[in-house]
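Subject: Structure handover and notes

Hello,

Here is the structure for your files. Please open it before reading the notes.

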Amino acid sequence: MPKILVIRFSSIGDIVLTTPVLRCIKEQVGDASIHYLTRRPYVSLLQANPHIDQIHAFDDDLEDTLRRLRKEQFDFVVDLHHNLRTWRVKRSLKRPGASFHKLNIAKWLMVRFKWNRLPDEHIVQRYIRAASGLGVIDDGKGLEHFIPPDTNDQRDLLPDTYRNGFIALVIGAQHATKKLPLQKLQELLDKLSVYRTGVVIIGGPEDASEAEALCTNRQQVFSMCGISSLQESALLIKHAVVVITHDTGMMHIAAALKKQVISVWGNTIPEFGMYPYFGSQNTLYEQRAAELLIENTSLSCRPCSKIGFEACPKGHFRCMMDLNMEAIARKAGELNATANQ
């Protein structure tokens with residue numbers, strides 16, 4: 001039985017993007033035992049995944065974890081993070097393995113000079129290529145996200161009408177330049193009100209005060225920010241008809257749950273290979289997701305970073321401020337109406 005270690009330390013979206021690798025290894029490598037190394041805050045993302053045999057979690061200090069990992073005698077290490085700390089892990093284990101290509105130079109050229117040398121492929125393809133030494137190929141089934149069966153269904157906190165479906169609006173993002181500012185979110189909700197459908201705002205505790213402001217004096221808008229856990233938020237997304245989200249982890253969870261995803265892009269670009277991914281067997285979803293990418297492609301300053309900033313370096317933030325909220329609301333309203341016919 002080959003014993004395989006998959007490494008991805010963080011974050012939410014990146015870990016969800018590794019799920020096709022886990023499935024393909026489990027289904028294509030006979031009797032494989034898959035171990036997963038990640039940081040402790042992300043264990044809940046993986047605990048219900050049936051393709052993982054054991055999770056190894058660590059906090060800041062890797063030493064105890066490395067001692068335990070060395071005893072496992074892995075046959076192969078698939079490094080899907082590829083940084084100095086994962087190099088340290090692989091050096092300590094002294095086992096065969098491979099790392100995914102991060103495309104740092106191509107991304108730097110795109111950010112610094114706007115020279116596009118990026119391959120026309122999703123990061124999932126690069127992840128799977130890192131496991132190709134095991135004979136693994138892409139099965140085309142896309143992402144997966146497994147919600148524990150004992151997760152609280154927080155629709156019980158919403159009006160009964162929400163049982164028939166609602167629009168999920170994910171307002172958070174790791175960096176400010178990846179998210180719509182408050183006034184644009186307010187405009188979006190006002191435009192959505194025309195379609196008379198319920199909206200559930202999803203985010204973390206850090207988004208709660210902004211969500212409260214968005215709910216003020218608005219009918220059929222409910223905030224679950226700071227109330228729902230990560231998996232409870234995922235369950236809400238599972239029950240949503242349409243998901244409007246920034247380039248963030250919940251976008252990838254929505255894609256894994258095969259939802260209709262309207263993705264809103266600020267300083268980052270889909271060409272970095274992190275757009276909603278559904279796999280070649282889900283061509284309708286893939287096509288629809290491509291049609292639902294919302295971005296300002298007319299700016300010479302975009303992308304200004306491969307990750308994000310706390311404020312627009314130019315001061316105008318036109319990548320978000322120039323986006324048409326009425327167009328987003330119309331897309332969401334039409335998709336919601338079609339689904340309820």
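Predicted model: local features only at pLDDT ≥ 70, side-chain atom pairs only at ≥ 80, totals over all residues.

Residues are numbered from 1 along each chain as its sequence is written, and side-chain values use heavy atoms, with hydrogens and water left out.

Cores

In soluble globular proteins, nonpolar side chains tend to be buried together. A nonpolar core here is a set of buried Ala, Val, Leu, Ile, Met, Phe, Trp, Tyr and Cys residues joined through side-chain atoms within 4.5 Å. Buried means under 20% relative accessible area, exposed means over 50%, and partly exposed is in between (1.4 Å probe, protein chains only).

The largest nonpolar core has 57 residues, and Val6, Ile25 and Val78 touch the most other members. Helix α10 (residues 249-256) gives the largest share of this core, six residues. Helices (H or I, at least four residues) and strands (E, at least two) are DSSP runs, numbered from the N terminus. A second, separate core holds 33 residues, including Ile171, Leu180, Leu185 and Leu192.

Contact means heavy atoms within 4.5 Å. Leaving out residues up to four places away in sequence, Val78 touches Ile4, Leu5, Val6, Ile7, Ile25, Ala98, Ala130, Ala131 and Leu134.

Helix α6

Six of the eight residues of α6 are buried, so the helix is mostly covered. The buried residues are Ile123, Val124, Arg126, Tyr127, Ile128 and Ala130. Their cover includes α1 (12-16), α2 (19-28), β4 (76-79) and β5 (97-99).

Cysteines

A disulfide is a covalent bond between the sulfur atoms of two cysteines. The cut-off used is a pair of cysteine sulfur atoms within 2.5 Å, and the structure holds zero disulfides. Cys215 is in no disulfide, and the nearest cysteine sulfur, that of Cys225, is 7.9 Å away. For Cys312, the closest cysteine sulfur is in Cys319, 6.2 Å away, which is too far for a bond. Cys312 counts as buried because its relative accessibility is 19%.

Surface patch

Trp108, Phe113 and Trp115 make a nonpolar surface patch of about 340 Å². Patches are made of residues with over 30% relative accessible area and no salt bridge; like charges are joined within 9 Å, and nonpolar side chains (Val, Leu, Ile, Met, Phe, Trp, Tyr) within 5 Å. Accessible areas come from the Shrake-Rupley method with a 1.4 Å probe, and for residues only the protein chains shown count as cover. Trp108 is in helix α5 (residues 104-113) and is partly exposed at 48% relative accessibility.

Salt bridges

A salt bridge is a side-chain nitrogen of Lys or Arg within 4 Å of a carboxyl oxygen of Asp or Glu. By this rule there are 22 salt bridges.

Asp153 and Arg163 form a salt bridge at 3.8 Å, N to O. Both lie in the loop between α6 (123-130) and β6 (167-170), so the pair ties together parts that are 10 residues apart in sequence. Asp153 is partly exposed at 23%, and Arg163 is partly exposed at 40%. Arg163 also forms a salt bridge with Asp156, with the closest N and O atoms 2.2 Å apart; Asp156 is exposed at 57%. Asp153, Arg155, Asp156 and Arg163 are linked in a network of salt bridges.

Regards
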